Each structure stands twice: as C-alpha cells, then as structure tokens.
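Colleague: I would like to learn how to read a model of this kind, one feature after another. Could we go through it together?

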Amino acid sequence: MEKFVVTGGRRLTGEVSVSGAKNAVVAILPATILAEDVCRIENIPNISDVTAMVKILKTMGAQVRVPNRTTLEIDTRHVRSFVVEHELTRQLRASYYLIGALIGRFSRARVAMPGGCYLGLRPIDQHIKGFEALGADVTMEENAMVHVEAPALMGNSVYLDVVSVGATINVMLAAVKAPGLTVIENAAKEPHIVDLANFLNTMGADVRGAGTDVIKIRGVKRLHGCEYSIIPDQIEAGTYMVAAAATRGDVLVKNVIPKHLESITAKLIEAGATVEEYDEAVRVKMDCRPGHCNIKTMPHPGFPTDMQPQFSTFLCLAKGTSIVSESVWDNRFRYAEQLQRMGANIHVNGKSAVIEGVETLKGAPIRADDLRAGAAMLIAAMSAKGVSEIEEIQHIERGYENVVEKLRALGAKIERRNFPDEDEDAQRTAG
Ligand code: EPU
C-alpha cells in the first residue's frame with residue numbers, strides 16, 4: 001500500500017496545468033458505444049477512473065489505441081456484449097452510463113450496480129424513471145444487476161424529481177438514437193453535461209439546450225465517429241485554487257474555463273483572496289489569514305458539492321465562524337474527523353458544519369475517506385505545521401492526474417511512500 005507523506009507550511013507558487021475533466025470523460029467513454037466508427041478523444045486525464053472504464057470497454061470487445069499520452073482512439077464496432085459484470089462496475093460510479101449507452105445501441109443492457117465514493121445513499125430511481133418513460137422495462141435482479149429491455153425505445157418527456165447529473169446523462173445516452181423527441185425537464189446543468197452533449201452532437205446527434213434545465217433530444221438513426229477534446233476539469237482547477245489560497249501562495253492555474261469556476265472564485269474573493277481571470281487561466285493569491293464565509297452546495301451554477309471538503313478545510317484556517325451547508329449529499333462530512341485530528345475546530349450536525357477558524361493546523365496521520373475528502377486532506381496537510389501522513393490515497397488517484405508531481409512543481413514537499421515496508425525499514429535503520 002502507498003501513502004503520501006506531506007511536510008506542511010510551504011507556500012504554493014508557480015503554474016499548474018489542469019487535466020481533462022473526470023466527470024466528462026467517464027460519460028464520454030461509454031458514449032462511444034453508440035458510434036458506428038472510431039472516436040478519437042483528446043485531453044484524457046490519466047486517472048484510475050479512466051483506466052477502469054477503458055478496461056470495461058475492452059472487456060466488452062472495444063479496441064482502444066493510445067496514440068499519445070492524452071489521446072485515446074476507441075473503436076466499439078466489434079462490441080457484441082450488453083452485459084457488464086460486478087467486478088468491474090464497482091470500481092467507479094460512472095459505470096452506470098453503460099446502461100444508457102447499451103440500450104441506445106442494443107435495446108437491452110445487463111449491468112451490475114455501480115460503485116464510487118460513499119457519500120450517503122446514491123439511488124438510481126431517476127435513471128430508471130427516465131428509461132421507463134422512453135419505453136424500457138427495468139428489472140433490479142437479486143444479484144445487484146440492473147436488467148433493461150427496450151425493444152422499442154421512443155422519445156418522450158422526462159421530468160426529473162431531483163436535479164441529477166447521472167440521470168440527465170443516462171437519459172441523454174438512451175434517447176439520442178430513440179425515434180422522436182425526448183425532453184428532459186429539471187435537467188442538471190454541469191459543464192460535463194454540456195461536454196457530453198457537444199460530443200454527441202459531434203457524432204451527428206441532435207441535442208439542444210444542454211446547460212439549461214430543459215434538454216431536447218431528437219433521435220437520429222446513426223452516430224458516426226468523431227474527433228473531440230474533453231473540457232478541463234472544473235474541480236481539479238478549483239482544488240488547486242483553494243490549495244493556493246490555503247497555503248497563502250500565488251498560483252497560476254492554467255488550461256481552465258474561468259466561467260466554470262465562478263462560484264469558487266466568488267467565495268475565494270469573499271474570503272480575502274485575489275483572483276485574476278485570464279482567457280484560459282486564473283491566478284490566485286493570498287497573503288493573509290482568510291476571512292470567514294458561509295457556503296451552501298447546490299447543483300451548477302451553485303457552489304459545487306465536489307469542492308465542499310476542500311473549501312471547508314480552507315475555512316478551518318479563517319478568522320471567525322463559517323457555516324457550511326451540504327444540500328446535495330447526505331453524508332459528505334466524514335472527513336471532519338480527520339481535520340479535528342489536525343486541530344481544526346469543525347463540528348458537524350447532519351448536513352451542515354460549523355467551523356471556528358484556528359490560526360494553524362498541525363500535521364497528523366490522516367486518511368482520505370473518498371476522492372474529494374482526499375483532496376481536502378492534501379490541502380490540510382500542505383497548510384499545516386509539521387508532517388502529515390495520508391493513507392487510502394487510491395481515492396485521490398481516481399480523479400487527480402499526477403497530483404504529486406503537480407504539487408511538487410508548485411513547491412509542496414510531498415512524497416509517495418510504500419507502507420508498512422518502508423516504515424519498518426526506517427525503524428530498523430533508526431534502531
Ligand atoms: N439522486 C436521486 N435519485 C437518482 C439520482 C440521484 O435521488 O436517481 C440524488 C442523489 O442521492 C443526490 C442528488 O440526487 O442527492 C444528486 O445526485 P447526482 O445524480 O447528481 O450525482 P451523481 O451523478 O451520482 C455526479 C458526480 C459526483 C458529484 C455529483 C453532484 C460523476 C461520475 N459523479 O454524481 O462527483 O458529486 O454528480 O454534482 O459525475 C466526485 O467527482 O467526487 C463526485 C462524487
């Protein structure tokens with residue numbers, strides 16, 4: 001097993017380039033199942049969620065070429081299987097996008113329930129509601145397989161009872177080749193929804209309105225191959241922005257779409273940071289202790305839940321009291337316990353946390369409970385006095401490409417270490 005050993009107290013300075021968006025690529029890779037030719041996709045991040053999704057596609061019969069480090073060429077013409085087993089799907093949440101893509105291609109799918117970070121209950125009732133509205137028959141099998149039969153998929157209106165990224169994407173995938181008009185109302189508006197719509201349209205689909213809460217999809221008979229480049233990752237960018245501010249640094253975060261970062265920028269400015277926007281970069285500077293502020297997570301364009309742990313960690317160092325309300329997930333404050341070990345004064349009550357800022361955090365042995373909690377632990381460790389050891393780093397590597405190299409280039413002192421072996425070796429040497 002590996003852990004990160006971080007020596008805190010160093011300002012992050014310099015430039016960092018953001019990779020392609022995890023939550024876009026994990027929808028776009030399954031969407032290639034709908035194409036009748038090769039799709040060349042650029043700006044692919046090298047993260048373990050992508051590795052897992054590519055492995056699943058290959059198991060299904062897709063041919064995948066890697067012409068360079070950030071590009072994949074995917075040929076799904078030989079995919080014959082509409083069944084995806086549990087071992088693979090539980091590695092990531094987005095494996096449920098295979099259901100929408102497979103029923104769009106084969107009119108049927110049998111896919112095991114997905115995995116992903118534990119953030120409280122993660123139902124899929126809205127996905128099922130959408131598939132059924134299009135005429136599919138959905139059965140939840142006892143062995144945790146979702147079985148969908150859709151011999152005559154047909155466009156229809158789908159009103160989502162909750163704003164769901166996953167359900168919006170899955171219904172788009174299922175509807176894109178269904179005859180007639182599908183209208184998704186109360187759709188999610190996240191940047192990755194727009195990216196998927198743009199990808200589908202580049203393949204010849206007719207998807208309009210993505211980025212608003214009504215998406216209209218007119219089914220087309222065929223989708224062809226295409227060349228496409230994934231948008232930059234909003235949350236990776238936001239994480240480096242907050243890391244810069246938390247370490248009182250000065251960082252130019254490059255290869256971003258500043259519009260996607262507005263809610264994060266606004267909150268950083270409210271807490272006293274300086275944020276300069278350029279065409280494809282933002283520069284974050286902070287040279288004093290942050291001021292307190294409140295945040296409430298909301299679907300896009302509100303403050304993203306996927307930035308909540310990182311921003312709450314930053315607020316642990318603020319002057320005064322901040323209140324953080326989580327309105328998307330039931331259980332996204334598990335990391336608070338780790339911050340308390342570092343001296344943070346954060347108290348969770350259900351879906352909110354009250355944070356009394358302290359002047360400094362101190363290094364401690366801590367754990368990445370999930371992907372964004374892991375990013376928060378990195379920020380806490382880098383801004384703390386002393387050494388922290390972060391375990392369960394595999395969660396972080398699901399969504400952050402080359403995180404150690406990127407942070408080191410900004411001046412962080414961070415090492416990847418095997419354990420228990422290297423620790424034991426060190427103890428033997430010391431002894
Ligand atoms: N919900 C339902 N029924 C459904 C689907 C969702 O009640 O059928 C509820 C959920 O329980 C939750 C809310 O709706 O309370 C929003 O869930 P959503 O479906 O939007 O989340 P998701 O698609 O499972 C994606 C991201 C998450 C991100 C959320 C919210 C991917 C692969 N995952 O999850 O990203 O937190 O949207 O923006 O796109 C992460 O990257 O760290 C991550 C967890």
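**Reading the model**

Modeller: Let us begin with a pair of strands: β8 and strand β9 (residues 145–149) pair in the antiparallel sense over four bridges. Helices (H or I, at least four residues) and strands (E, at least two) are DSSP runs, numbered from the N terminus, and two strands pair if DSSP finds at least two bridges between them. Please keep in mind that this is a predicted model, in which local features need pLDDT of at least 70 and side-chain atom pairs count only at pLDDT 80 or more, while totals for chains, interfaces and linings use all residues. Residues are numbered from 1 along each chain as its sequence is written, and side-chain values use heavy atoms, with hydrogens and water left out.

Colleague: Which residues of β9 are the bridge partners of V138 and M140?

Modeller: In general, the strands of a sheet pair through backbone hydrogen bonds, either parallel or antiparallel. Here V138 has V148 as its bridge partner in β9, and M140 has V146.

Colleague: In what order do the strands of the open sheet lie?

Modeller: The sheet is made of four strands in the order β6-β7-β9-β8, with mixed pairing. Its edge strands are β6 (83–84) and β8 (137–140), each of which pairs on one side only.

Colleague: What is the phi of A144, and where is A144 found?

Modeller: Most residues other than glycine have a negative phi, and most peptide bonds are trans. A144 has a positive phi, near 65°, although it is a residue other than glycine, and A144 is found in the loop between β8 and β9. A144 counts as partly exposed because its relative accessibility is 32%, where buried means under 20% relative accessible area, exposed over 50%, and partly exposed in between (1.4 Å probe, protein chains only).

Colleague: Why is helix α1 described as largely enclosed by the rest of the structure?

Modeller: An α-helix has 3.6 residues a turn, so residues three or four places apart point the same way. In helix α1 (residues 22–31), 10 of the 10 residues are buried, so the helix is largely enclosed by the rest of the structure. Among these buried residues are K22, N23 and P30.

Colleague: What does M60 touch, apart from residues up to four places away in sequence?

Modeller: M60 touches I33, V79, R80, S81, V84, L98 and L102. M60 is found in the loop between α2 (48–59) and β4 (63–68), and is buried, with a relative accessible area of 5%. The C-alpha atoms of M60 and H78, which are 18 residues apart along the chain, are separated by 8.6 Å.

Colleague: How should I read the chain as a whole?

Modeller: The radius of gyration is taken over C-alpha atoms, and the globule rule is 2.2 Å times the number of residues to the power 0.38. For 431 residues, a compact globule would have a radius of gyration near 22 Å, and the chain agrees, with 22 Å. The chain holds 14 helices and 24 strands, and 56% of its 431 residues count as buried. Of its contacts with a separation of 6 or more, 73% are accounted for by residues 24 or more positions apart.

Terms used
Contact = heavy atoms within 4.5 Å.
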